[in-house]
Amino acid sequence: MLREKYIELINKVNSDPYRLHFHLMAPTGWLNDPNGLCVIKGVNHIYFQYTPFSATWGLKSWGHYSTENWIDYTEHPIFLRPSVAEDIDGVYSGSALVENNKIHYYYTGNVKYTDKKYDYILNGREQNVIEVISEDGFNYEKKNILLKNSDYPQNMSTHVRDPKVFKVEDEYFMILGARTKEDIGCAILYKSLDLKKWEYFFEIHSEKKYGYMWECCDLIKIEDKWFLICCPQGVEQEGINFANIYQIGYFPIDINFKEKTYSLGEFVELDRGFDIYAPQTFIDNKGRNVLIAWMGIPDATYTNNKTIKNGWQHALSMPRTLKRKGNKILQEPLVEFENLRKNKISSTDNHINFLASTFEMIIDIDNSENFLVKMEDVKLSYDNNIFSLEMQESGEGRNKRSVYLEELKKLHIFVDTSSIEIFINDGEEVFTSRFYPNKTKINIEVFNHGSCSYYDLDEFKIDVE
Ligand code: FRU
(Lines give C-alpha, C1' and ligand atoms only; values in the text may rest on other atoms or scores of the structure.)
Protein backbone atom coordinates (compact mmCIF):
# COMPACT_ATOMS: atom_id res chain seq x y z
CA MET A 1 0.00 0.00 0.00
CA LEU A 2 2.75 2.39 1.05
CA ARG A 3 4.76 1.25 -1.98
CA GLU A 4 1.84 1.98 -4.33
CA LYS A 5 1.34 5.38 -2.77
CA TYR A 6 5.04 6.08 -3.21
CA ILE A 7 5.04 5.08 -6.90
CA GLU A 8 2.03 7.27 -7.55
CA LEU A 9 3.81 10.15 -5.84
CA ILE A 10 7.06 9.51 -7.73
CA ASN A 11 5.21 9.70 -11.06
CA LYS A 12 3.51 12.94 -10.11
CA VAL A 13 6.78 14.46 -8.92
CA ASN A 14 8.77 13.35 -11.96
CA SER A 15 6.31 14.79 -14.44
CA ASP A 16 6.58 18.28 -12.93
CA PRO A 17 8.25 20.64 -15.46
CA TYR A 18 9.73 22.56 -12.53
CA ARG A 19 11.84 19.53 -11.49
CA LEU A 20 15.49 20.52 -11.56
CA HIS A 21 18.12 18.94 -13.83
CA PHE A 22 21.41 19.55 -12.09
CA HIS A 23 20.42 19.91 -8.45
CA LEU A 24 19.71 17.23 -5.86
CA MET A 25 16.08 17.21 -4.80
CA ALA A 26 14.11 14.95 -2.53
CA PRO A 27 12.92 12.01 -4.65
CA THR A 28 9.45 12.94 -3.35
CA GLY A 29 8.23 15.26 -0.62
CA TRP A 30 10.33 17.71 1.31
CA LEU A 31 14.08 18.34 1.64
CA ASN A 32 15.92 20.82 3.82
CA ASP A 33 19.48 20.92 5.19
CA PRO A 34 22.41 18.94 3.76
CA ASN A 35 23.76 16.62 6.47
CA GLY A 36 26.66 14.27 7.16
CA LEU A 37 28.81 15.35 4.19
CA CYS A 38 31.82 13.01 4.03
CA VAL A 39 34.09 10.88 1.85
CA ILE A 40 34.52 7.16 2.33
CA LYS A 41 36.43 4.92 -0.10
CA GLY A 42 36.81 7.85 -2.51
CA VAL A 43 33.06 8.51 -2.73
CA ASN A 44 31.32 11.67 -1.56
CA HIS A 45 28.24 11.00 0.58
CA ILE A 46 25.50 13.58 0.85
CA TYR A 47 22.66 13.14 3.32
CA PHE A 48 19.78 15.53 3.76
CA GLN A 49 16.77 16.35 5.94
CA TYR A 50 13.95 14.44 4.31
CA THR A 51 10.20 13.89 4.60
CA PRO A 52 9.17 11.66 1.68
CA PHE A 53 5.40 11.87 2.16
CA SER A 54 4.96 15.54 2.90
CA ALA A 55 6.01 18.47 0.71
CA THR A 56 5.56 20.85 3.63
CA TRP A 57 7.71 19.77 6.59
CA GLY A 58 7.07 16.66 8.75
CA LEU A 59 8.98 14.00 10.68
CA LYS A 60 12.63 14.22 9.66
CA SER A 61 14.89 11.39 8.47
CA TRP A 62 18.19 11.51 6.59
CA GLY A 63 17.87 10.84 2.84
CA HIS A 64 21.05 9.82 1.03
CA TYR A 65 22.90 10.37 -2.27
CA SER A 66 26.47 9.52 -3.22
CA THR A 67 28.74 10.60 -6.08
CA GLU A 68 32.30 10.21 -7.20
CA ASN A 69 32.34 12.88 -9.88
CA TRP A 70 29.54 15.30 -8.87
CA ILE A 71 27.65 14.54 -12.09
CA ASP A 72 26.63 10.87 -11.74
CA TYR A 73 24.80 10.09 -8.51
CA THR A 74 23.23 7.17 -6.72
CA GLU A 75 20.11 7.61 -4.66
CA HIS A 76 20.19 5.32 -1.61
CA PRO A 77 17.52 4.30 0.87
CA ILE A 78 16.97 6.47 3.94
CA PHE A 79 20.03 6.24 6.21
CA LEU A 80 18.71 7.45 9.58
CA ARG A 81 15.16 7.61 10.84
CA PRO A 82 13.63 8.20 14.27
CA SER A 83 13.84 4.93 16.19
CA VAL A 84 14.71 5.66 19.83
CA ALA A 85 13.10 7.77 22.56
CA GLU A 86 15.90 10.34 22.13
CA ASP A 87 15.15 11.09 18.45
CA ILE A 88 11.49 10.18 18.26
CA ASP A 89 10.35 13.54 16.86
CA GLY A 90 13.00 13.83 14.21
CA VAL A 91 16.52 12.96 13.16
CA TYR A 92 17.59 16.56 12.84
CA SER A 93 20.70 18.01 11.22
CA GLY A 94 24.24 16.90 11.84
CA SER A 95 27.62 16.13 10.38
CA ALA A 96 30.17 13.36 9.85
CA LEU A 97 33.83 12.84 10.66
CA VAL A 98 35.90 10.04 9.14
CA GLU A 99 38.56 8.60 11.46
CA ASN A 100 40.45 5.34 10.92
CA ASN A 101 38.15 4.35 8.07
CA LYS A 102 35.05 4.72 10.18
CA ILE A 103 32.44 7.40 9.72
CA HIS A 104 31.20 8.97 12.93
CA TYR A 105 27.90 10.72 12.38
CA TYR A 106 26.60 13.26 14.89
CA TYR A 107 23.05 14.56 14.74
CA THR A 108 20.37 16.16 16.87
CA GLY A 109 17.69 13.83 18.14
CA ASN A 110 14.62 16.01 18.47
CA VAL A 111 11.98 15.28 21.10
CA LYS A 112 8.88 17.43 21.52
CA TYR A 113 6.60 16.85 24.51
CA THR A 114 2.86 17.14 23.95
CA ASP A 115 1.40 16.13 27.31
CA LYS A 116 0.83 19.70 28.50
CA LYS A 117 1.31 23.28 27.40
CA TYR A 118 4.91 24.21 26.61
CA ASP A 119 6.58 27.21 24.99
CA TYR A 120 9.13 24.92 23.25
CA ILE A 121 11.83 27.51 23.91
CA LEU A 122 12.49 27.15 27.61
CA ASN A 123 10.64 23.89 27.99
CA GLY A 124 8.89 21.05 26.18
CA ARG A 125 11.81 20.03 23.97
CA GLU A 126 14.86 17.76 24.14
CA GLN A 127 17.73 18.19 21.74
CA ASN A 128 20.08 15.23 22.14
CA VAL A 129 23.42 14.80 20.43
CA ILE A 130 23.47 11.26 19.05
CA GLU A 131 26.32 9.41 17.35
CA VAL A 132 26.21 6.49 14.94
CA ILE A 133 29.31 4.80 13.54
CA SER A 134 29.48 3.23 10.11
CA GLU A 135 32.17 1.65 7.96
CA ASP A 136 30.42 2.14 4.65
CA GLY A 137 27.96 5.02 4.95
CA PHE A 138 24.97 2.63 4.76
CA ASN A 139 24.95 0.50 7.91
CA TYR A 140 25.39 1.18 11.59
CA GLU A 141 24.84 -0.85 14.71
CA LYS A 142 23.45 1.46 17.34
CA LYS A 143 22.69 5.00 18.32
CA ASN A 144 24.93 6.37 21.07
CA ILE A 145 23.46 9.21 23.11
CA LEU A 146 26.32 11.64 23.75
CA LEU A 147 24.75 14.80 25.14
CA LYS A 148 21.36 15.71 26.58
CA ASN A 149 19.75 19.00 27.65
CA SER A 150 21.26 18.54 31.12
CA ASP A 151 24.76 18.48 29.60
CA TYR A 152 24.37 21.94 28.08
CA PRO A 153 25.37 25.03 30.06
CA GLN A 154 22.77 26.35 32.53
CA ASN A 155 22.11 29.48 30.47
CA MET A 156 20.92 27.55 27.39
CA SER A 157 17.29 27.35 26.27
CA THR A 158 16.08 24.04 24.81
CA HIS A 159 17.34 25.12 21.37
CA VAL A 160 20.81 23.61 21.03
CA ARG A 161 21.40 21.64 17.84
CA ASP A 162 23.17 20.70 14.60
CA PRO A 163 26.50 19.24 15.84
CA LYS A 164 29.44 19.68 13.51
CA VAL A 165 32.53 17.73 14.53
CA PHE A 166 36.07 18.51 13.36
CA LYS A 167 39.64 17.74 14.30
CA VAL A 168 42.41 20.20 15.17
CA GLU A 169 45.81 18.59 15.55
CA ASP A 170 44.97 15.54 17.68
CA GLU A 171 41.89 16.91 19.45
CA TYR A 172 38.27 16.71 18.40
CA PHE A 173 35.77 19.53 18.70
CA MET A 174 32.02 19.71 18.33
CA ILE A 175 30.26 22.98 17.61
CA LEU A 176 26.54 23.38 18.23
CA GLY A 177 24.25 26.29 17.41
CA ALA A 178 22.25 27.62 20.34
CA ARG A 179 19.83 30.11 21.85
CA THR A 180 20.40 31.22 25.42
CA LYS A 181 17.59 31.64 27.94
CA GLU A 182 17.96 35.41 27.34
CA ASP A 183 17.33 34.91 23.61
CA ILE A 184 20.90 35.46 22.48
CA GLY A 185 22.23 33.49 19.52
CA CYS A 186 25.56 31.77 20.10
CA ALA A 187 27.61 28.65 19.46
CA ILE A 188 28.91 26.22 22.06
CA LEU A 189 31.95 23.99 21.75
CA TYR A 190 32.67 20.58 23.23
CA LYS A 191 36.01 18.84 23.18
CA SER A 192 37.04 15.18 23.10
CA LEU A 193 40.35 13.36 23.00
CA ASP A 194 38.94 9.96 22.06
CA LEU A 195 35.55 10.64 20.37
CA LYS A 196 33.93 8.92 23.34
CA LYS A 197 33.99 11.36 26.21
CA TRP A 198 32.91 14.90 25.37
CA GLU A 199 33.56 17.82 27.70
CA TYR A 200 32.07 21.28 27.56
CA PHE A 201 34.71 23.65 26.23
CA PHE A 202 33.39 27.20 25.78
CA GLU A 203 30.77 29.49 24.28
CA ILE A 204 31.24 31.75 21.26
CA HIS A 205 29.06 34.83 20.94
CA SER A 206 29.32 38.25 19.36
CA GLU A 207 30.06 41.29 21.52
CA LYS A 208 26.71 42.82 20.63
CA LYS A 209 23.72 40.48 20.39
CA TYR A 210 23.46 39.09 16.85
CA GLY A 211 20.04 37.46 16.63
CA TYR A 212 18.30 35.14 19.11
CA MET A 213 19.42 31.78 17.64
CA TRP A 214 22.31 30.54 15.52
CA GLU A 215 21.51 27.42 13.50
CA CYS A 216 23.84 25.12 11.55
CA CYS A 217 27.18 26.35 12.89
CA ASP A 218 30.35 25.23 11.13
CA LEU A 219 33.88 26.23 12.15
CA ILE A 220 36.24 25.86 9.19
CA LYS A 221 39.71 26.80 8.14
CA ILE A 222 40.28 28.14 4.64
CA GLU A 223 43.93 28.65 3.78
CA ASP A 224 44.98 29.17 7.41
CA LYS A 225 42.15 31.45 8.42
CA TRP A 226 39.20 30.33 10.55
CA PHE A 227 35.58 31.22 9.79
CA LEU A 228 32.50 30.58 11.87
CA ILE A 229 29.73 29.90 9.37
CA CYS A 230 26.22 30.05 10.85
CA CYS A 231 22.59 30.98 10.28
CA PRO A 232 21.51 33.67 12.74
CA GLN A 233 17.78 34.14 13.26
CA GLY A 234 16.38 37.45 14.47
CA VAL A 235 18.74 39.87 12.73
CA GLU A 236 17.05 43.12 11.62
CA GLN A 237 17.19 44.16 7.97
CA GLU A 238 19.53 47.12 7.33
CA GLY A 239 18.76 48.71 3.95
CA ILE A 240 19.65 46.16 1.27
CA ASN A 241 21.45 43.94 3.80
CA PHE A 242 20.00 41.03 5.79
CA ALA A 243 16.89 41.15 3.63
CA ASN A 244 15.83 37.53 4.20
CA ILE A 245 13.92 36.39 7.27
CA TYR A 246 16.95 34.39 8.47
CA GLN A 247 20.61 34.90 7.58
CA ILE A 248 23.33 32.72 6.10
CA GLY A 249 26.86 33.97 6.59
CA TYR A 250 30.04 33.91 8.60
CA PHE A 251 32.15 35.66 11.16
CA PRO A 252 35.88 35.66 10.39
CA ILE A 253 37.30 34.37 13.67
CA ASP A 254 40.71 34.31 15.33
CA ILE A 255 40.50 31.31 17.59
CA ASN A 256 43.02 29.68 19.87
CA PHE A 257 41.91 26.19 20.89
CA LYS A 258 44.69 25.83 23.45
CA GLU A 259 44.03 29.12 25.24
CA LYS A 260 40.22 28.98 24.76
CA THR A 261 40.23 32.50 23.33
CA TYR A 262 38.60 33.96 20.26
CA SER A 263 37.76 37.22 18.60
CA LEU A 264 34.99 37.58 16.04
CA GLY A 265 35.06 39.88 13.02
CA GLU A 266 31.95 41.40 11.44
CA PHE A 267 29.25 39.06 10.12
CA VAL A 268 29.32 38.73 6.30
CA GLU A 269 26.43 37.39 4.22
CA LEU A 270 27.36 34.33 2.18
CA ASP A 271 24.56 34.61 -0.35
CA ARG A 272 22.14 37.40 -1.25
CA GLY A 273 19.43 35.32 -2.90
CA PHE A 274 15.95 34.54 -1.63
CA ASP A 275 16.36 30.79 -1.15
CA ILE A 276 19.45 29.80 0.74
CA TYR A 277 20.04 28.51 4.26
CA ALA A 278 21.64 25.81 6.42
CA PRO A 279 25.03 25.37 4.69
CA GLN A 280 27.48 22.62 5.52
CA THR A 281 31.10 22.25 4.39
CA PHE A 282 33.44 19.30 4.02
CA ILE A 283 36.64 18.32 2.26
CA ASP A 284 35.53 16.39 -0.81
CA ASN A 285 37.22 13.41 -2.53
CA LYS A 286 39.48 15.82 -4.43
CA GLY A 287 40.62 17.59 -1.27
CA ARG A 288 38.63 20.76 -1.84
CA ASN A 289 36.67 22.77 0.71
CA VAL A 290 33.12 22.30 -0.61
CA LEU A 291 29.96 24.00 0.64
CA ILE A 292 26.45 22.76 -0.03
CA ALA A 293 23.41 24.59 1.31
CA TRP A 294 19.68 24.15 1.36
CA MET A 295 18.23 26.02 -1.64
CA GLY A 296 15.27 27.08 0.47
CA ILE A 297 14.58 28.96 3.66
CA PRO A 298 12.07 28.42 6.46
CA ASP A 299 9.20 30.78 7.31
CA ALA A 300 9.53 33.03 4.24
CA THR A 301 6.51 34.94 2.93
CA TYR A 302 7.20 33.87 -0.68
CA THR A 303 6.27 30.36 -1.75
CA ASN A 304 7.02 27.29 -3.81
CA ASN A 305 3.34 26.44 -4.26
CA LYS A 306 4.02 25.45 -7.86
CA THR A 307 6.05 22.43 -6.74
CA ILE A 308 4.12 21.70 -3.54
CA LYS A 309 1.04 20.94 -5.59
CA ASN A 310 3.12 18.37 -7.45
CA GLY A 311 4.23 16.65 -4.26
CA TRP A 312 7.71 18.05 -3.61
CA GLN A 313 9.56 21.10 -2.34
CA HIS A 314 13.15 22.39 -2.27
CA ALA A 315 16.59 21.24 -3.41
CA LEU A 316 20.21 21.42 -2.42
CA SER A 317 22.26 24.27 -3.85
CA MET A 318 24.99 23.63 -6.41
CA PRO A 319 28.08 22.54 -4.48
CA ARG A 320 30.61 25.38 -4.32
CA THR A 321 34.34 25.40 -3.67
CA LEU A 322 35.48 27.83 -1.03
CA LYS A 323 38.56 30.01 -1.28
CA ARG A 324 39.39 33.16 0.55
CA LYS A 325 40.53 36.67 -0.20
CA GLY A 326 41.62 38.27 3.07
CA ASN A 327 38.73 37.88 5.48
CA LYS A 328 36.22 37.19 2.72
CA ILE A 329 35.05 33.77 1.55
CA LEU A 330 34.83 33.32 -2.23
CA GLN A 331 32.46 30.70 -3.63
CA GLU A 332 32.74 29.18 -7.08
CA PRO A 333 30.69 26.45 -8.71
CA LEU A 334 32.49 23.11 -8.83
CA VAL A 335 34.49 22.85 -12.05
CA GLU A 336 32.76 19.47 -12.70
CA PHE A 337 29.68 21.38 -13.87
CA GLU A 338 31.64 22.03 -17.08
CA ASN A 339 31.03 18.35 -17.90
CA LEU A 340 27.33 19.11 -18.31
CA ARG A 341 27.95 21.66 -21.06
CA LYS A 342 26.45 20.82 -24.42
CA ASN A 343 26.85 23.52 -27.02
CA LYS A 344 28.68 26.79 -26.69
CA ILE A 345 27.58 30.08 -28.18
CA SER A 346 29.73 33.20 -27.73
CA SER A 347 29.04 36.76 -28.67
CA THR A 348 30.48 40.20 -28.22
CA ASP A 349 27.33 41.93 -29.44
CA ASN A 350 25.92 44.62 -27.17
CA HIS A 351 22.53 42.98 -27.27
CA ILE A 352 21.92 39.25 -27.48
CA ASN A 353 18.76 37.23 -27.30
CA PHE A 354 18.17 33.49 -26.96
CA LEU A 355 15.71 30.90 -25.69
CA ALA A 356 16.76 28.36 -23.06
CA SER A 357 15.58 26.56 -19.93
CA THR A 358 18.59 24.85 -18.36
CA PHE A 359 21.75 26.76 -19.09
CA GLU A 360 24.95 28.41 -17.95
CA MET A 361 25.97 31.90 -18.98
CA ILE A 362 29.28 33.69 -18.46
CA ILE A 363 29.21 37.43 -18.94
CA ASP A 364 32.45 39.45 -18.96
CA ILE A 365 31.70 43.09 -18.48
CA ASP A 366 34.09 45.71 -19.90
CA ASN A 367 31.86 48.63 -19.07
CA SER A 368 28.94 48.19 -16.73
CA GLU A 369 26.98 51.20 -17.97
CA ASN A 370 23.70 50.08 -19.53
CA PHE A 371 24.21 46.54 -18.27
CA LEU A 372 20.98 44.57 -18.01
CA VAL A 373 19.87 40.95 -18.21
CA LYS A 374 16.21 40.11 -18.69
CA MET A 375 14.79 36.60 -18.36
CA GLU A 376 11.07 37.03 -18.91
CA ASP A 377 10.04 38.98 -15.77
CA VAL A 378 13.35 38.41 -13.97
CA LYS A 379 15.84 41.28 -14.18
CA LEU A 380 19.53 41.56 -13.24
CA SER A 381 20.63 45.17 -13.12
CA TYR A 382 23.55 47.30 -11.94
CA ASP A 383 23.03 50.94 -10.99
CA ASN A 384 25.16 53.17 -8.77
CA ASN A 385 27.22 50.19 -7.59
CA ILE A 386 24.12 48.24 -6.59
CA PHE A 387 23.61 44.89 -8.29
CA SER A 388 20.03 43.63 -8.06
CA LEU A 389 18.01 40.52 -8.82
CA GLU A 390 14.38 41.44 -9.27
CA MET A 391 11.32 39.42 -10.20
CA GLN A 392 7.60 39.87 -10.72
CA GLU A 393 4.94 37.12 -10.96
CA SER A 394 7.43 34.32 -11.56
CA GLY A 395 8.89 35.10 -8.13
CA GLU A 396 5.75 33.83 -6.35
CA GLY A 397 6.18 36.63 -3.81
CA ARG A 398 9.93 37.14 -4.26
CA ASN A 399 10.63 40.75 -5.25
CA LYS A 400 14.12 42.27 -5.06
CA ARG A 401 17.48 41.45 -3.48
CA SER A 402 20.60 43.60 -3.90
CA VAL A 403 24.25 43.93 -3.01
CA TYR A 404 26.78 46.75 -3.09
CA LEU A 405 29.78 46.10 -5.41
CA GLU A 406 32.96 48.11 -5.91
CA GLU A 407 32.66 47.12 -9.55
CA LEU A 408 30.86 44.60 -11.73
CA LYS A 409 33.31 42.62 -13.84
CA LYS A 410 31.93 39.15 -14.31
CA LEU A 411 28.76 37.13 -13.87
CA HIS A 412 28.55 33.36 -13.92
CA ILE A 413 24.91 32.35 -14.02
CA PHE A 414 23.26 28.94 -13.79
CA VAL A 415 19.57 28.55 -14.53
CA ASP A 416 17.91 25.20 -13.93
CA THR A 417 14.22 25.33 -14.98
CA SER A 418 13.06 26.97 -11.71
CA SER A 419 16.28 28.03 -9.99
CA ILE A 420 18.96 30.62 -10.56
CA GLU A 421 22.44 30.86 -9.04
CA ILE A 422 24.50 33.94 -9.85
CA PHE A 423 28.21 34.05 -9.00
CA ILE A 424 29.54 37.62 -9.20
CA ASN A 425 33.18 38.66 -9.78
CA ASP A 426 34.59 35.13 -9.40
CA GLY A 427 32.57 34.27 -6.31
CA GLU A 428 32.76 37.52 -4.33
CA GLU A 429 28.97 37.54 -4.06
CA VAL A 430 26.34 34.91 -4.82
CA PHE A 431 22.57 35.04 -5.30
CA THR A 432 20.66 31.76 -5.05
CA SER A 433 16.95 31.75 -5.75
CA ARG A 434 13.94 29.88 -7.03
CA PHE A 435 11.61 31.37 -9.64
CA TYR A 436 8.73 29.90 -11.61
CA PRO A 437 8.58 31.07 -15.22
CA ASN A 438 5.33 30.21 -16.99
CA LYS A 439 7.13 28.80 -20.06
CA THR A 440 9.62 25.98 -20.33
CA LYS A 441 11.92 27.90 -22.68
CA ILE A 442 12.44 31.40 -21.43
CA ASN A 443 13.53 34.39 -23.46
CA ILE A 444 16.90 35.73 -22.32
CA GLU A 445 18.16 39.15 -23.32
CA VAL A 446 21.60 40.45 -22.41
CA PHE A 447 22.59 44.11 -22.81
CA ASN A 448 26.31 44.33 -22.19
CA HIS A 449 29.58 45.90 -23.32
CA GLY A 450 31.96 42.96 -23.20
CA SER A 451 31.40 39.32 -24.10
CA CYS A 452 28.90 36.64 -23.26
CA SER A 453 29.00 32.85 -23.66
CA TYR A 454 26.23 30.44 -22.91
CA TYR A 455 25.80 26.70 -22.88
CA ASP A 456 22.80 24.43 -22.66
CA LEU A 457 23.36 22.08 -19.76
CA ASP A 458 22.72 18.38 -19.51
CA GLU A 459 21.26 16.79 -16.42
CA PHE A 460 22.68 14.75 -13.53
CA LYS A 461 22.43 11.00 -13.98
CA ILE A 462 20.86 9.57 -10.86
CA ASP A 463 20.67 5.80 -10.42
CA VAL A 464 18.33 4.49 -7.79
CA GLU A 465 19.77 1.78 -5.56
C1 FRU B 1 17.78 24.34 9.85
C2 FRU B 1 17.11 23.42 10.86
C3 FRU B 1 18.13 22.85 11.83
C4 FRU B 1 17.44 21.59 12.28
C5 FRU B 1 16.78 21.13 11.02
C6 FRU B 1 15.48 20.39 11.20
O7 FRU B 1 17.07 24.46 8.67
O8 FRU B 1 16.09 24.10 11.54
O9 FRU B 1 18.48 23.72 12.86
O10 FRU B 1 18.34 20.65 12.77
O11 FRU B 1 16.56 22.28 10.23
O12 FRU B 1 15.02 19.89 9.99
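The residues lining the second largest cavity divide into 4 nonpolar, 4 polar and 4 charged; here Ala, Val, Leu, Ile, Met, Phe, Trp, Tyr, Cys and Pro count as nonpolar, Asp, Glu, Lys and Arg as charged, and the others, Gly among them, as polar. The model is predicted, so local features need pLDDT of at least 70 and side-chain atom pairs count only at pLDDT 80 or more, while totals for chains, interfaces and linings use all residues. Residues are numbered from 1 along each chain as its sequence is written, and side-chain values use heavy atoms, with hydrogens and water left out.

That second cavity holds about 80 Å³ of space. Its lining consists of I240, A243, N244, Y246, Q247, I248, E269, D271, R272, G273, R401 and S402. A cavity is a set of points, on a 1 Å grid over the protein atoms alone, where a 1.4 Å probe fits but cannot get out; a pocket is an open set with protein on both sides within 12 Å along at least five of seven lines; lining residues have an atom within 4 Å of a point. Grid points are joined across faces, edges and corners, and a volume is the space filled by probe spheres set on the points.

In the whole structure, 5 cavities of 30 Å³ or more are found. At least two lining residues come from each of β1 (29–40), β5 (91–99), β9 (156–168), β13 (213–222) and β18 (277–283). Helices (H or I, at least four residues) and strands (E, at least two) are DSSP runs, numbered from the N terminus. By class, this lining has 6 nonpolar, 5 polar and 3 charged residues.

The largest pocket contains about 720 Å³ of space. Of its 37 lining residues, W57, E215, Q233, P298 and D299 are the closest to its centre. The elements giving two or more residues to this lining are β1, β5, β6 (102–112), β9, β13 and α2 (305–308).

The protein is divided into domain 1 (28–333) and domain 2 (336–464), with bounds from an automatic or database domain assignment. Their centres, taken over C-alpha atoms, are 29 Å apart. Between them, 40 residues of domain 1 are in contact with 37 residues of domain 2, contact meaning heavy atoms within 4.5 Å. About 3,500 Å² is buried between the domains, 57% of it from carbon and sulfur atoms. Buried area is the accessible area (1.4 Å probe) that two parts lose on being put together, summed over both. I71, R272 and F274 supply 21% of the area that domain 1 buries against domain 2, more than any other three residues. R272 also lines the second largest cavity.

An open sheet of 6 strands runs in the order β20-β1-β2-β3-β4-β34, with mixed pairing. Two strands pair if DSSP finds at least two bridges between them. The edge strands, β20 (312–313) and β34 (461–464), each pair on one side only. Strand β4 (residues 72–80) is parallel to β34 over 4 bridges, and T74 has D463 as its bridge partner.

Strand β33 (residues 442–457) pairs with β24 (residues 341–347) in the antiparallel sense over 5 bridges, and I345 is bridged to Y454. With β25 (residues 351–356), β33 makes 6 antiparallel bridges; A356 has I442 as partner. Strand β26 (residues 358–375) also pairs with β33 in the antiparallel sense, over 12 bridges, and V373 stands opposite V446.
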